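Welcome, and please bring the model up in your viewer. We will go from stop to stop, with something to select at each one.

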Amino acid sequence: MVLKVTVSYYIHNGSAVFSVFLDATEAFDCTEYCKLLKVLLSQGLPPVFIRLLLNMYTCHITRILWNDIFSDRFSVMNGIKQGRVLSPVLFCLYTDGLLDHLAESKIGCNFGSVYVSALTYADKIILLAPTASAMHKLLRIWDYSVVFNAKKSACLYSASSRHRSVEHGCLPICC
């Protein structure tokens, strides 16, 4: 809904919108436990909850079943468990500082004081900018923190019929 309203607002006010849909590569697997726990502490989560997560993640031992044969047990030293209900929320908290940095930059799309240039859930990120140069700056900020899967990422250029030019290889969608 936020994506649709933002694109509509910019188009109806005479601006095009560049949207980049990104998929973080192995996002859950690359999450560092120490950094995650520091983020959770800074967010004011109760220590008992953090201690539970710490135990769940640092004492995690697993084994693999392949062709009806189990591997030896081994410790899992990093990563958020995929498929768990809490995992997307934990990853969002993990990247929250980066989102704050983006908002402080004021680059991209805004509604007055509300920053809407970065929409995220788990390892999916949508960046919005009214110009190609602003989008390039947003992508450079993300470049330092997260690796993206180019095969699962896409760019979309949305504009009114007055903006018919296609810029920088994006797919044109006219409204």
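Predicted model: local features only at pLDDT ≥ 70, side-chain atom pairs only at ≥ 80, totals over all residues.

Residues are numbered from 1 along each chain as its sequence is written, and side-chain values use heavy atoms, with hydrogens and water left out.

**Stop 1: the cavity**

Select Tyr33, Leu36, Leu37, Leu40, Leu53 and Tyr57, which line the largest cavity. Helices H2 (33–42) and H3 (47–58) are the elements that give two or more residues to this lining, and H2 gives the most, with four. Helices (H or I, at least four residues) and strands (E, at least two) are DSSP runs, numbered from the N terminus. A cavity here is a set of points on a 1 Å grid over the protein atoms alone where a 1.4 Å probe fits but cannot get out, and lining residues have an atom within 4 Å of a point. The volume is about 40 Å³, taken as the space filled by probe spheres set on the points. By class, the lining has six nonpolar, no polar and no charged residues; Leu and Tyr both count as nonpolar.

**Stop 2: helix H4**

Now select residues 87–94, helix H4, and color Ser87, Pro88, Leu90, Phe91 and Tyr94, which are buried (under 20% relative accessible area, 1.4 Å probe, protein chains only). Look down the axis: these buried residues fall within an arc of 160°, so they line one face of H4. The arc is that of the directions from the helix axis to the C-beta atoms. What do the buried residues of H4 pack against? Their partners are H2, H3, H5 and strand S8 (118–121), with contact meaning heavy atoms within 4.5 Å.

**Stop 3: helix H5**

Move to residues 96–105, helix H5, where Leu98, Leu99 and Leu102 are buried. They cover an arc of only 100° around the axis, which puts them on the same side of H5. Just after H5, click Lys106, which takes a positive phi of about 60°.

**Stop 4: Asp23**

Asp23 is in strand S1 (residues 17–23) and counts as buried at 6% relative accessibility. Show its side chain with that of Lys124: the two make a polar contact at 2.4 Å (a pair of N or O atoms within 3.5 Å, one able to donate a hydrogen and the other to accept it; residues adjacent in sequence count only if both atoms are side-chain atoms).

**Stop 5: Gly14**

Finish in the loop between helix H1 (2–12) and S1, where you will find Gly14. Gly14 and Ala159 are 145 residues apart in sequence and 8.2 Å apart in space, C-alpha to C-alpha.

Technical notes. 1 Å grid on protein atoms, 1.4 Å probe; cavity = no way out; pocket = protein on both sides within 12 Å on 5 of 7 lines; lining within 4 Å. Buried < 20%, exposed > 50% of the residue type's maximum accessible area, 1.4 Å probe, protein only.
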